[in-house]
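Hi everyone, thanks for making the time.

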Amino acid sequence: MANGDPIEGQVLLIAGAKASVPAHNLAPLVDRVQAQIGPKLDEFRDRFELVFETEEACFFFVGHEQWAVIAHRVDMNDREMDAVRRAHNEQLLRVGRREDRRFEFDAALDIRDCIVIGKEAA
């Protein structure tokens, strides 16, 4: 995966701006996370709620603590982790707008986070 896949470029810009991480720095961070979690797609299917699926990616609801675990594994600091987490959450909201489920997903993100796993690397 490259260039922040499975997160769209516009989403990277928005998430990066909110977390004060430039999009050109955020894309490689998202790629590192994808490299870590992509091979664990089946494990995520078993452990977490699959909220949405496309041909390209699976969207899971996870507890907030899951991002700390991932950040530790890929050696990200708190600001970087926040930016990547925001990118994943924002990607879910973007899909929610397309699927007329934005309010549902937005409400769920009040208590959980989203992890998007691209299927290509799985």
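Before I name anything, one definition: helices, of at least four residues, and strands, of at least two, are DSSP runs numbered from the N terminus. With that naming, I can say for example that D75 lies in the loop between α4, residues 65-74, and α5. We'll come back to that loop. Please keep in mind that this is a predicted model.

Let's begin with the overall picture. The secondary structure of the protein comes to 6 helices and 3 strands. Reading from the N terminus, the order of elements is α-α-α-β-β-α-α-α-β. Along the principal axes, the C-alpha atoms fill a box of roughly 30 × 30 × 25 Å. For the 122 residues here, a compact globule would have a radius of gyration near 14 Å, and the protein has 13 Å, so the two agree. Buried residues make up 47% of those 122. And if you take the contacts with a separation of 6 or more, 73% of them are between residues 24 or more positions apart.

Now to the sheet. As a reminder, strands of a sheet pair through backbone hydrogen bonds, either parallel or antiparallel. Which kind of pairing do we have here? The sheet is open, its 3 strands come in the order β1-β2-β3, and the pairing is antiparallel. β1 and β3, the latter at residues 113-118, are the edge strands, each pairing on one side only. On average, neighbouring strands of this sheet are turned by 30° against each other, ignoring direction.

Zoom in on the pair of β1, residues 49-53, and β2, residues 57-62: these two are antiparallel over 4 bridges. A hairpin of 3 residues joins β1 to β2. If you want to check individual bridges, F52 has F59 in β2 as its partner, and E53 has C58 in β2.

What lies across this sheet? That is α5, which lies across β1, β2 and β3 and runs at about 85° to β3.

Is Q91 buried or exposed? Its relative accessibility is 2%, so Q91 counts as buried. Leaving aside residues up to four places away in sequence, Q91 touches P6, I7, E8, V11, F59 and V116.

With a relative accessible area of 0%, A83 is buried. Its contacts, again not counting residues up to four places away, are A15, A19, V21 and L26. A83 and A23 are 60 residues apart in sequence, yet their C-alpha atoms are 9.5 Å apart in space.

That takes us to the helix pair. Two packed helices are described by the angle between their axes and the distance between the axes. For α2, residues 23-37, and α5, residues 78-98, the axes come within 10 Å and cross at roughly 80°. Angles of 65 to 115 degrees count as roughly perpendicular, and that makes α2 roughly perpendicular to α5. Who meets whom? On the α2 side there are L26, L29, V30 and V33, and they meet E80, A83, V84, A87 and H88 in α5. By class, this contact has 7 nonpolar, 1 polar and 1 charged residues.

Last, a backbone detail for those of you who like torsions. Most residues other than glycine have a negative phi, and most peptide bonds are trans. S20 lies in the loop between α1, residues 9-19, and α2. At a relative accessible area of 52%, S20 is exposed.

D75 has a positive phi of about 60°, and it is not a glycine either. D75 is exposed too, with a relative accessible area of 67%.

How values were computed: Residues numbered from 1 in each chain as written. Predicted model: local features only at pLDDT ≥ 70, side-chain atom pairs only at ≥ 80, totals over all residues. Heavy atoms only, no water. Axes fitted to C-alpha atoms, helices over the stretch in contact; angles between N-to-C directions. Parallel < 35°, antiparallel > 145°, perpendicular 65-115°, else oblique. Contact = heavy atoms within 4.5 Å. Nonpolar A, V, L, I, M, F, W, Y, C, P; charged D, E, K, R; others polar. Buried < 20%, exposed > 50% of the residue type's maximum accessible area, 1.4 Å probe, protein only. Pairing = 2+ DSSP bridges. Rg over C-alpha atoms; globule rule 2.2 N^0.38 Å.
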